[in-house]
Amino acid sequence: MITRIFGLSIVITVFSLVVAYLYGGLTALALCAILGILEVSLSFDNAVINATVLERMSEFWQRIFLTVGVLIAVFGMRLIFPLAIVWVTAGLNPVEAFDLALNPPADDAAYFPDGSASYETLLTDAHPQIAAFGGMFLALLFLNFIFEERDITWLSWLEKPLAKAGKLDMLSVVVAGTGLVLVAEFLADADDRSTVLVSGLLGMIVYILVDGLGSMFHTEEFEEGPQGGPSTLVKATGKAAFFLFLYLEVLDASFSFDGVIGAFAITSDPIIIALGLGLIGAMFVRSITVYLVRQGTLSDYVYLEHGAHWAIGALAAILLVSIGVHVNELITGLIGVAFIGAALISSVLRNRKAEPDAVEDAKESAPVS
């Protein structure tokens with residue numbers, strides 16, 4: 001099972017490292033490996049959330065996401081997206097933007113001798129609007145999760161009061177909107193305030209639109225099993241699955257922002273970034289997602305989804321704070337791993353505690369001979 005799921009990712013990793021070595025020697029090889037590790041560490045929570053949504057989709061749409069969706073993730077977000085930002089912000093055509101990316105100034109300077117900005121500088125200058133859009137999209141995802149009442153809670157002392165507060169209609173939008181205003185007022189530069197506000201609002205609009213469309217075509221979550229047996233999860237098909245697919249693509253894009261921007265702290269070479277983040281990182285995220293779905297890991301470790309959403313909340317906060325304050329990429333990567341690791345440990349302890357109770361219940365319900 002593990003070999004079948006992760007085999008392709010391992011092959012592509014070896015291929016990418018070989019290509020990186022042929023492209024730029026040992027330095028390129030090392031940078032490619034570092035970027036791959038960075039993307040996997042940053043995106044583990046992404047894989048968990050992907051798996052929670054993917055479980056609701058039919059096998060056909062699961063395959064669509066794991067093929068077409070991965071191609072969009074690899075080439076769209078890790079290669080085309082950074083170039084597109086440069087096209088828009090610098091007014092360059094695609095060929096000029098790609099040429100600019102491949103030919104940085106000497107000694108990795110921020111500007112060329114004629115005063116024109118480098119590819120890395122142009123992309124870094126666009127960080128406030130990128131972070132505002134992605135931060136607000138992820139913030140709404142997190143807030144809608146913690147403001148919803150659930151039978152199972154992880155951090156019960158905090159999640160239960162928040163769920164009660166969530167009975168106030170549209171509270172997540174109120175909290176997210178207030179956070180956006182505070183970020184624009186106190187963290188963004190004066191020249192960037194309007195841009196941050198507009199980008200953040202667009203992030204909120206996209207989330208509400210995609211989430212709303214998915215809810216519009218949402219099927220009943222459960223149906224009665226055969227012969228009146230246990231209920232089974234209904235798999236979304238047709239329009240419902242299509243909008244879930246769109247939701248996953250926007251979600252993946254929002255998760256990718258921090259990885260793409262963080263990559264430029266390591267290298268600005270688009271080929272190395274595409275190999276490390278795109279091929280190695282995105283493929284392993286795909287494999288982790290498949291593993292979680294096929295193994296039913298989310299059902300066995302019930303707090304994983306909670307940990308992933310708290311990691312999303314932390315990532316959203318980091319993206320918004322990074323508009324005015326530099327946040328070390330190590331913090332961004334480790335905080336998600338910490339939340340999911342803690343949730344996994346809590347799930348294991350819960351399962352161990354439940355086993356003796358299940359045995360005791362079985363003994364009590366056994367017929368007396």
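In helix α3 (residues 94-102), A97, L100 and A101 are buried. These residues lie on the same side of α3, because they cover an arc of only 100° around the axis. The model is predicted. Its protein chain has a mean pLDDT of 80, and 84% of the residues reach 70 or more.

**Confidence along the chain**
- Among the elements of the protein chain, α7 has the highest mean pLDDT, at 94.
- Strand β1 (residues 222-223) has the lowest, at 42.
- Over residues 219-233, pLDDT stays under 50.
- For residues 219-233, the model has 19 contacts beyond four places in sequence.

**Packing of α5 against α7**
- Helix α5 spans residues 127-146, and helix α7 spans residues 171-186.
- The axes of α5 and α7 come within 9 Å and cross at roughly 145°.
- The crossing of α5 past α7 is right-handed.
- From α5, the contact is made by M136, L140, L143 and N144.
- From α7, S172, V173, V175, A176, G177 and L180 take part.
- The residues of this contact divide into 7 nonpolar and 3 polar, with no charged ones.

**T13 in helix α1**
- T13 lies in helix α1, which covers residues 2-54.
- The relative accessible area of T13 is 15%, so T13 counts as buried, the cut-off being under 20%.
- Leaving aside neighbours within four places in sequence, T13 is in contact with I280 and F284.

Conventions. Residues numbered from 1 in each chain as written. Predicted model: local features only at pLDDT ≥ 70, side-chain atom pairs only at ≥ 80, totals over all residues. Heavy atoms only, no water. Axes fitted to C-alpha atoms, helices over the stretch in contact; angles between N-to-C directions. Helix = DSSP H or I, 4+ residues; strand = E, 2+ residues; numbered from the N terminus. Left-handed = near helix turned anticlockwise from the far one by under 90°. Contact = heavy atoms within 4.5 Å. Nonpolar A, V, L, I, M, F, W, Y, C, P; charged D, E, K, R; others polar. pLDDT = per-residue confidence, 0-100. Buried < 20%, exposed > 50% of the residue type's maximum accessible area, 1.4 Å probe, protein only. Arc of directions from axis to C-beta.
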